[in-house]
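Subject: Structure handover

Hello,

Here is the structure you were expecting. My notes on what was found in it follow below.

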Amino acid sequence: MGRAFQNRKESMAKTADAKTKVYSKYGREIYVCAKSGGTDPSGNLTLRGLIDKAKKDQVPSHVIDKAIDKAKGSGGEDFSPARYEGFGPGNCMVIVECLTDNPNRTFGDVRGCFTKTKSKIGTQGTVSHMFDHCAIFAFAGDDEEAVLEALMEADVDVTDIESEEGRITVFAPHTDYAKAKQALLDAFGELEFEADEIQFLPQTHTPVEGDDVAMFEKFIDMLNDLDDVQNVYHNAELPESA
């Protein structure tokens, strides 16, 4: 399972325009997280993880601070999560997570990405049952037993744990995210997390080959270009040269 958690294609911010999109997506996600769970990162572990992740992606502090300040005020934009599922090029399975203030617009935009790449958007539950919704933590270490013991003592339902090349990767149900993170911090102090997030991990993979490879890349790029799209998960297995 561990090697799969990196399977999501990351769009690198190579231009100012791409960076602006990255900042905007983090800003929106931080705002929603702070609005729903509290603006103090020490009391909102999801927010704390999100801020750390944003800093690693070189999001400026003023973008982070502005999103948190906005969440402290009353009113503001009313973003809500939306999830779309379906089959992409090569019949791979795809989950698209969005934050939107206009669900009708977002659905139309996402559906357009599916339609223009000869893909099929489905209803909720179409493919998500073939993914595990996991909290994932990766950090430097090699004492797998100590990590497992700390998590078990905190009553965390550990799905899987791996120790490889000086790195430990922990998988737990997404509902145990805060509990698992707190248990790790309590047991080992301030950890430098290489991964600290909730993801959909595919249970199986679908090889995407031939002409479908270029169409798949176009499909993912189109989705990532949408302001409302936060994350795209898939089970596509691309050729090494792709």
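E197 is buried, at 14% relative accessibility (buried means under 20% relative accessible area, exposed over 50%, partly exposed in between, with a 1.4 Å probe and protein chains only). K53 lies in helix α2 and E197 in strand β7, so the pair ties together parts that are 144 residues apart in sequence. Helices (H or I, at least four residues) and strands (E, at least two) are DSSP runs, numbered from the N terminus.

Before the rest, the terms of use. This is a predicted model, in which local features need pLDDT of at least 70 and side-chain atom pairs count only at pLDDT 80 or more, while totals for chains, interfaces and linings use all residues. Residues are numbered from 1 along each chain as its sequence is written, and side-chain values use heavy atoms, with hydrogens and water left out.

Salt bridges

The structure holds 9 salt bridges. One of them joins E190 and R48, at 2.9 Å from N to O. This pair also links distant parts of the chain: E190 sits in the loop between α6 (177-188) and β7 (193-202), R48 in helix α2 (residues 45-56), and they are 142 residues apart. E190 counts as exposed, at 67% relative accessibility.

R105 forms a salt bridge with D228, where the closest N and O atoms are 2.8 Å apart. R105 is in helix α4 and D228 in the loop between α7 and β9, 123 residues apart. D228 counts as buried at 6% relative accessibility, whereas R105 counts as partly exposed at 34%. Through salt bridges that share partners, R28, D101, R105 and D228 are joined into one network.

Helix α2

The helix that carries R48 and K53 has 12 residues; at 1.5 Å a residue it should span 16 Å, and its end C-alpha atoms are 17 Å apart, which agrees. The expected span is 1.5 Å times one less than the number of residues. L45, L47, G49, L50, I51 and A54 of α2 are buried. Q58 follows the helix and has a positive phi, near 65°.

The sheet with β7

Strand β7 belongs to an open sheet of 4 strands in the order β5-β6-β4-β7, with antiparallel pairing. Two strands pair if DSSP finds at least two bridges between them. β5 and β7 stand at the edges with a single partner strand each, so one side of each is left without a neighbour in the sheet. From one strand to the next, the twist averages 20°. Strand β4 (residues 131-140) pairs with β6 over 7 bridges, and A135 has A172 in β6 as its bridge partner. Helix α6 packs on this sheet and touches β4, β6 and β7, its direction making about 155° with that of β7. Contact means heavy atoms within 4.5 Å; axes are lines fitted to C-alpha atoms, for helices over the stretch in contact, and angles run from 0 to 180 degrees between N-to-C directions.

Strands β5 (residues 160-164) and β6 (residues 167-173) run antiparallel and are joined by 5 bridges, with E162 opposite T169. They form a hairpin with 2 residues between them, and E165 in the turn has a positive phi of about 50°.

The sheet with β9

Another open sheet has 4 strands in the order β3-β1-β2-β9, again paired antiparallel. Its edges are β3 (120-121) and β9 (229-234), each with a single partner strand, so one side of each is left without a neighbour in the sheet. β1 (residues 80-87) and β2 (residues 93-100) pair over 8 bridges, and M93 in β2 is the bridge partner of F87. Helix α4 (residues 103-116) packs on the sheet, touching β1, β2, β3 and β9, and its direction makes about 25° with that of β1. Helix α7 (residues 211-224) lies across β2 and β9, at about 155° to β9.

β2 and β9 are joined by 5 bridges, with E97 opposite N231. In β9, 6 of its 6 residues are buried.

Regards

Methods:
Salt bridge = Lys/Arg side-chain N within 4 Å of Asp/Glu carboxyl O.
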